[in-house]
Amino acid sequence: MLRQQFQSELLAARAVALTEAKTLKQVEIVSATHAKDALSETVAALASQHASHGGQAIDGLEKDIRAGKRELAERTRIEAAVRDDLDGAGLVYDWSAQGLAGARAGAAAGVDHQQQETASARALEYQAVATSVNVKAQEAALRAEIASYQRRGSNIDSRSAAARRAICAATGLDIEDMPFAGELVDIGSEHSAWRPAAEKVLRSLATTLLVRGADIGAVTTAINSLDGHGKLRWINLGIPAKPAKAGRAHLVTKLDFHASDAGSWLREKIASDFAFTCVDDDAALHDHVKAVSRTGTLKLSSSLFERDTRTINPSDYLLGFNNVAKIAELEEQARLLAAEQAAAEASATQSSLAKDSSARRLATLKRIAEDDRSFEQLDSAGLAVSLAGLTATLEQTIAGSTTLAQLRDSLTTAQTELEAAVGRVAVLHHDLSSIEKDLTSAQDVLAGAFLEALPRNGLRRPLPLSERRRPCHLGRAGGAAEPCRCGPG
């Protein structure tokens, strides 16, 4: 209760303060309006005197100067754009009518050559981009191949490995029970230079499945039901290899074999069926009945020679107990491809920039050659001279009349003060509007608080005018109403 009374007192005090502020602001507005009107009369009087002393001529000069400045700014922009084109096209010119004509003739003569340059640059860009894309695709394919070898753990190609998995699924055999020959033999560490030759000579044997004698029937049946796995070869380990004594320089001496029964069988097989003497060059092949050179050329008999001219890349190697070395070589190839791709991408970027530069120069040359505007329409020097003359005339006119100069200064000062006075009146009206808004809000709150307090004080709230009834409507005792005596309405 006390709190509401305190708030009502504060609102009442605020309403009184706002009422006083409103009155003061109205007084300020009246005063500021009088000052503005007085300044308006002063400006009008000074303008009349200024015009009577030759001010109209000055106004005309100022108008011409303003128009001249706009025209000069536009002409300067046009001239700068033309000069930029001439400089961008690399044309040597003198800024004159004759020099501009010579530059345009040179531009027209250079369009055909520049079109050829642009077409050539575009072709180089296409080639560079294509190279970059192709090398990137090669790297991605190689990375996928590396991931595949890492999953398999073997040098055998994915197609052959898939065929073996299908056979194992059909027979119930483990992969370890049916190795490829290439998985049981590797190049000795001190004979790595012979790997390309060994890979060519033993390529067919490397992808041959080595099957135990007890499993040969089941494996053959499973293979007969396969389709789409390419050519398959398998050999029965139950049949002993032909015994043979390896010569000191035979191919078998360059190889290491897996320590197992299948590995021992494979050693005998290679010693017997691939009894080639290893020689360093092709000339030494003629000194032996059967031999192989470091380049992979075979002498199969005293009269028969054979050479597989296809290149065996590291990704095609089949021999090896594991594929760690092969993956390392493939990783190195991938690194080289990544560096090549980065260089190709940089080259493509440079080619694209060169093409864009050539295309811009071609467009500039065409624009210059097709421009038929006269030198006078482009040169800004003439307009600058005219504007300078107008400015000098204005200064001389003002300086020639002391009275006119004084009137001009007084008029300028009065116009400035008038603009400030107009602004002050506008600000005061805005302030008055804010005060009136706050005062109305405070009065509404006070009125509401007063009406709410009436019942607490034992008083009835007055009815709205629309609900109030005149005495003649109340009737008399017994309910009989009398004629209205309250007058019209």
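**The crossing of two helices**

Mentor: Start with helix H3 (residues 158-171) and helix H6 (residues 216-224): their axes come within 9 Å and cross at roughly 120 degrees. An axis here is a line fitted to C-alpha atoms, for helices over the stretch in contact, and the angle runs from 0 to 180 degrees between N-to-C directions. Helices (H or I, at least four residues) and strands (E, at least two) are DSSP runs, numbered from the N terminus. H3 passes H6 in a right-handed crossing. Right-handed means that the near helix is turned clockwise from the far one by less than a right angle; left-handed means anticlockwise.

Which residues make the contact? H3 brings Ile167, Ala170 and Thr171, and H6 brings Ala218, Val219, Ala222 and Ile223. Contact means heavy atoms within 4.5 Å. By class, six of these residues are nonpolar, one is polar and none is charged. Ala, Val, Leu, Ile, Met, Phe, Trp, Tyr, Cys and Pro count as nonpolar; Asp, Glu, Lys and Arg count as charged; the others, Gly among them, count as polar.

A word on the source. This is a predicted model, with residues numbered from 1 along each chain as its sequence is written. Local features need pLDDT of at least 70 and side-chain atom pairs pLDDT 80 or more, totals for chains, interfaces and linings use all residues, and side-chain values use heavy atoms, without hydrogens and water.

Now step back. The protein chain has 11 helices and eight strands. Of its 489 residues, 34% count as buried. Buried means under 20% relative accessible area, exposed over 50%, and partly exposed in between (1.4 Å probe, protein chains only).

Next, the largest nonpolar core: 31 residues. Such a core is a set of buried Ala, Val, Leu, Ile, Met, Phe, Trp, Tyr and Cys residues joined through side-chain atoms within 4.5 Å. Val201, Leu202, Leu266, Ile270 and Val292 have the most contacts inside this core. Strand E1 (185-187), helix H4 (195-201), helix H5 (203-206), strand E4 (255-257) and helix H7 (261-273) each give two or more residues. H7 gives the largest share, five residues. Take Ile270. Neighbours within four places in sequence aside, Ile270 touches Leu202, Leu205, Val252, Leu255, Phe257 and Ala275. A second, separate core has 15 residues, including Val82, Ala89, Leu91 and Phe375.

Stay with H7. Asp273 lies in this helix. Its relative accessible area is 30%, so Asp273 is partly exposed. Beyond neighbours within four places in sequence, Asp273 is in contact with Lys242 and Lys290. Asp273 and Ala244 are 29 residues apart in sequence, yet 8.9 Å apart in space, C-alpha to C-alpha.

His258 sits in the loop between E4 and H7. His258 counts as partly exposed because its relative accessible area is 37%. Leaving aside neighbours within four places in sequence, its contacts are Leu184, Gly263, Ser264 and Phe321. Phe321 is 63 residues away along the chain, with 7.4 Å between the C-alpha atoms of the pair.

Finally, Ser380. Is Ser380 buried or exposed? Ser380 has 13% relative accessibility, so it counts as buried. Its place is the loop between helix H9 (375-378) and helix H10 (381-399).
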